[in-house]
Amino acid sequence: MADIAFLLLIFFLVTTTMDVDSGINRKLPPWNDEQVDPPPIKEKNIFTVLVNSKDQLLVEEEYMDIEQLRGAAKRFVNNNGDGSCDYCTGALRSPTSSVNPEKAIISLQNDRGTSYETYIAVQNELAAAYNELREELAQRRYGVSYKDLGEEARKEIQEAYPQKISEAEPVSLGN
Amino acid sequence: MAKFKKKTGGGAPGISTASLPDIVFMLLFFFMVTTVMREVTLKVENKKPKATEIKKLERKSLVTYIYVGKPKAQYIAQVGSEPRIQLNDAFARVKDVQNHVITAREEINEAERPLMTVSIKADSEVKMGLISDIKQELRKANTLKLNYSTRKGEVYGDKG
């Protein structure tokens, strides 16, 4: 009996794959046949990220390395431009950044030649910026980590920093 | 009373193996439960990009996979070396994606259909043009939950 069990054990040992599927979750916008005009949004509330076919980043019309993207996105979202956001720590009040986190939109556009790796890196950094802001707020408000919060508190913090990432359809941005 | 002989010392008693089958069975059940059989044979290269902000995919039955990458060496003669889409066990074109996800959605019971997720397992060298085409097809199929499959790891720094 032990022999049979051993045999089966070895079979399952060999066939088993332990990898858990994980990744970045995103939601696509629904398909629209007719062109819908986007609602007017103030230029300062949009954080534009362009990625070209050579995997270079142009953020708010400035060349940027991927390492700096997270910090730049955080500064932009956490800006508190109109003073209505009492939990924002980034009291920069920069006239070119967002008026408050609820209005802040990150607009991402990539070239058809952008590599998937870079695209994921950008998505990851933008998600990381929001996650860090949420984490910081959770620490300040509740003194616990965001992932240990209850459902309600978590929702509240999510609403404080809503993740608004808009993706434009890719174009040829040229070189 | 010769029956109660004093134990003669010397030499530790051997370890009992009576519990060995139990241990083996325990391990066997563990591996039986955790094992996941590979459902498809990969025909494309699949070196997933790294990311840190990842979430686990739950409810495997609601997930449909789309593999994208360069064909493996043995298929290059057949389909060329440009990145291709693989659905189930076969290479496919962009316009097949829509049908594939709709068929997959039909198999899920009605209440859970909105929860259906498509997981894109793309190679890190794939260009975004192809991924965007897939995304457009998914939008047309009205399957809007998407997951970009990644490995855990720092994004920048070593490109290994």
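**Figure 1. Chain B of the predicted model, overall view.** In this predicted model, 28% of the 160 residues of chain B count as buried. Chain B contains 4 helices and 8 strands. Their order along the sequence is α-β-β-β-α-β-β-α-β-α-β-β. Taking the contacts in chain B with a separation of 6 or more, 76% come from residues 24 or more positions apart.

**Figure 2. Strand S4 of chain B and the strand S3 beside it.** Strands pair through backbone hydrogen bonds, in either a parallel or an antiparallel sense. Strand S3 (residues 63–69) of chain B and S4(B) run antiparallel and are joined by 3 bridges. Within this pairing, B:Tyr67 has B:Gln86 of S4(B) as its bridge partner. S4 of chain B covers residues 84–87, and both of its faces are covered. Side chains in a regular strand alternate between the two faces of the sheet. In S4(B), B:Arg84 and B:Gln86 lie on one side, B:Ile85 and B:Leu87 lie on the other, and all of them are buried.

Figure 3. Opposite B:Ile85 stands B:Ala92 of S5(B).

**Figure 4. Packing of helices H3 and H4 in chain B.** A pair of packed helices is described by the angle between their axes and the distance between those axes. For helix H3 (residues 94–107) and helix H4 (residues 128–140) of chain B, the angle is about 35° and the axes are 9 Å apart. The crossing of H3(B) past H4(B) is right-handed. H3(B) contributes B:Val94, B:Val97, B:Gln98 and B:Val101 to the contact, while H4(B) contributes B:Asp133, B:Ile134, B:Glu137, B:Leu138 and B:Lys140. Sorted by class, the residues of this contact between H3(B) and H4(B) are 5 nonpolar, 1 polar and 3 charged.

**Figure 5. Chain A, overall view.** Chain A has 175 residues, of which 29% count as buried. It is built with 4 helices and 6 strands. The pattern read along the sequence of chain A is α-β-β-β-β-α-β-α-α-β. Of the contacts in chain A between residues at least 6 apart in sequence, 60% join residues at least 24 apart.

**Figure 6. The five-stranded sheet of chain A.** In chain A, 5 strands form an open sheet in the order S4-S3-S2-S5-S6, and the pairing is mixed. Strand S4 (62–64) and strand S6 (165–167) of chain A are at the edges with a single partner strand each, so one side of each has no neighbour in the sheet. On average, and ignoring direction, neighbouring strands of this sheet are turned by 25° against each other.

**Figure 7. Strands S2 and S5 of chain A, with helix H2 on the sheet.** Strand S2 (residues 46–51) and strand S5 (residues 105–110) of chain A form a parallel pair over 6 bridges. A:Thr48 is placed opposite A:Ser107 of S5(A). Helix H2 (residues 66–77) of chain A packs on the sheet, where it touches S2, strand S3 (57–59), S4 and S5 of chain A. The direction of H2 makes about 20° with that of S3(A).

Terms used: Residues are numbered from 1 along each chain as its sequence is written. Chains are lettered from A and ligands numbered from 1 in the order in which they are written. This is a predicted model: local features need pLDDT of at least 70, side-chain atom pairs count only at pLDDT 80 or more; totals for chains, interfaces and linings use all residues. A residue is buried if 20 or more other C-beta atoms lie within 10 Å of its own, exposed if 12 or fewer, and partly exposed in between; C-beta atoms are placed from the backbone. Helices (H or I, at least four residues) and strands (E, at least two) are DSSP runs, numbered from the N terminus. Two strands pair if DSSP finds at least two bridges between them. Axes are lines fitted to C-alpha atoms, for helices over the stretch in contact, and angles run from 0 to 180 degrees between N-to-C directions. A crossing is left-handed if the near helix is turned anticlockwise from the far one by less than a right angle, and right-handed if clockwise. Two residues are in contact if their C-beta atoms, placed from the backbone, lie within 7 Å. Ala, Val, Leu, Ile, Met, Phe, Trp, Tyr, Cys and Pro count as nonpolar, Asp, Glu, Lys and Arg as charged, and the others, Gly among them, as polar.
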